[in-house]
Amino acid sequence: MMALGIDLGGTSIKTAVVDITGAPVGEGKEKTPAEDGVEACVEAMLAAAGEAINMAGLRREQLTGAGIGVPGVVLPAKGLVVEATNLTGWVNVPLRDIMSRRLGLRVELANDANAAALGEARFGAGRNVKNLVLFTLGTGIGGGIIINGDILVGANGMGGEIGHTLIEMSRPRPCGCERFGCVEAYAGALGIVKRAHEALAEDWRKHSALHEVAEREKLEAHHVFDLAWDGDFLAKEIIAKTAHALAAGITNILHTLDPELVLLAGGITKAGPRFLEQVRSMVGEMALRQVRDTRVEYALLGDKAGVTGAAAMVLAA
Ligand SMILES: [Zn+2]
């Protein structure tokens with residue numbers, strides 16, 4: 001049994017034909033024509049799908065179906081992409097029917113971070129786990145919640161938007177969602193860099209090695225992590241605050257859902273075991289006794305989680 005996964009990203013479209021274990025037997029990739037409208041994106045998805053199916057040496061009718069992860073708000077039951085802000089013209093697009101007609105296959109949709117959570121649950125760090133929460137840490141923070149093996153979609157397609165749970169009420173930092181005080185504003189890569197720049201504006205901190213990096217090049221989150229592990233006082237302080245903010249977000253979700261497992265995915269997984277250890281120990285301090293020992297781990301599938309999770313939607317468990 002094989003299924004097609006399509007991961008529609010803001011810059012590229014990745015496709016894979018995967019078997020029942022989630023192993024890819026064919027893959028494809030196309031650039032996303034993000035500014036050219038829905039029809040151009042559909043054609044590019046079909047091209048990338050064709051590449052994966054050809055590489056797998058299969059005919060379309062041998063597939064059980066196709067799953068599509070979309071970077072936006074999705075209502076899977078209606079087959080609708082409500083909005084995808086990084087793709088021009090994507091408002092209320094009946095993508096399931098469009099793609100089902102063009103592919104001649106059963107098609108299912110999901111938000112991309114939700115698809116990634118399903119991928120990890122079925123084939124990655126969450127195998128054998130029925131209830132898990134995935135935080136996707138990049139420039140911003142996305143997320144997905146798997147309950148009894150299925151994606152929690154929510155009434156408005158907004159289930160799992162855990163990056164925008166609030167952790168700061170007094171003097172909150174502005175978030176990418178144009179609101180204030182969200183986890184993302186503190187633990188997203190953009191938040192980390194902003195915090196570093198603010199700290200460096202004060203003279204007494206300029207003997208931090210972060211100051212030299214910021215003078216030389218564009219400061220990025222990985223610089224802060226690297227220098228923290230080298231022992232730089234300011235970088236250590238910023239990373240501790242980042243871990244604290246993330247731990248607050250995790251604690252909120254532990255107290256809301258009591259999942260078996262929390263996974264951290266995205267660029268931050270490169271920060272290594274020490275960051276994970278900091279987050280775990282802060283969760284241990286903040287969370288109620290009964291959920292304090294919930295496993296917090298890094299995800300395993302990297303950028304393959306989205307495309308395999310998309311395929312998982314049309315692969316029977
Ligand atoms: Zn927000």
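Predicted model: local features only at pLDDT ≥ 70, side-chain atom pairs only at ≥ 80, totals over all residues.
At what angle do helix α3 and helix α10 pack?

Residues are numbered from 1 along each chain as its sequence is written.

Back to the helices. Helix α3, residues 112–123, and helix α10, residues 305–312, pack at about 80 degrees, and their axes are 7 Å apart. Axes here are lines fitted to C-alpha atoms, for helices over the stretch in contact, and angles run from 0 to 180 degrees between N-to-C directions. The pair is therefore roughly perpendicular; angles of 65 to 115 degrees count as that, under 35 as roughly parallel, over 145 as roughly antiparallel, and the rest as oblique. On the α3 side the contact includes L118 and F123, and on the α10 side A305 and A310 are among the residues. Contact means that C-beta atoms, placed from the backbone, lie within 7 Å. By class, there are eight nonpolar, four polar and three charged residues. For the classes, Ala, Val, Leu, Ile, Met, Phe, Trp, Tyr, Cys and Pro are nonpolar, Asp, Glu, Lys and Arg are charged, and the others, Gly among them, are polar.

Now the overall picture. The protein has ten helices and 13 strands; these are DSSP runs numbered from the N terminus, with helices (H or I) of at least four residues and strands (E) of at least two. Its C-alpha atoms fill a box of roughly 65 × 45 × 35 Å along the principal axes.

The domain assignment, which is automatic or from a database, gives domain 1 as 2–124 + 303–312 and domain 2 as 132–300. Their centres, taken over C-alpha atoms, are 28 Å apart.

On to the sheets. Five strands form an open, mixed sheet in the order β11-β10-β9-β12-β13, where pairing means that DSSP finds at least two bridges between two strands. At the edges are β11 (150–151) and β13 (295–298), each with a single partner, so one side of each has no neighbour in the sheet. Further in, β9 (132–137) and β10 (141–147) run antiparallel and are joined by six bridges; L134 has G144 as its bridge partner in β10. And here is α3 again: it lies across β9, β10, β11 and β12 (261–266), at about 50 degrees to β10.

There is also an open sheet of three strands, β5-β6-β7, with antiparallel pairing. Its twist averages 20 degrees from one strand to the next. Strand β6 (80–83) pairs with β7 over two bridges, and E83 stands opposite V91 in β7.

Conventions: Contact = placed C-beta atoms within 7 Å.
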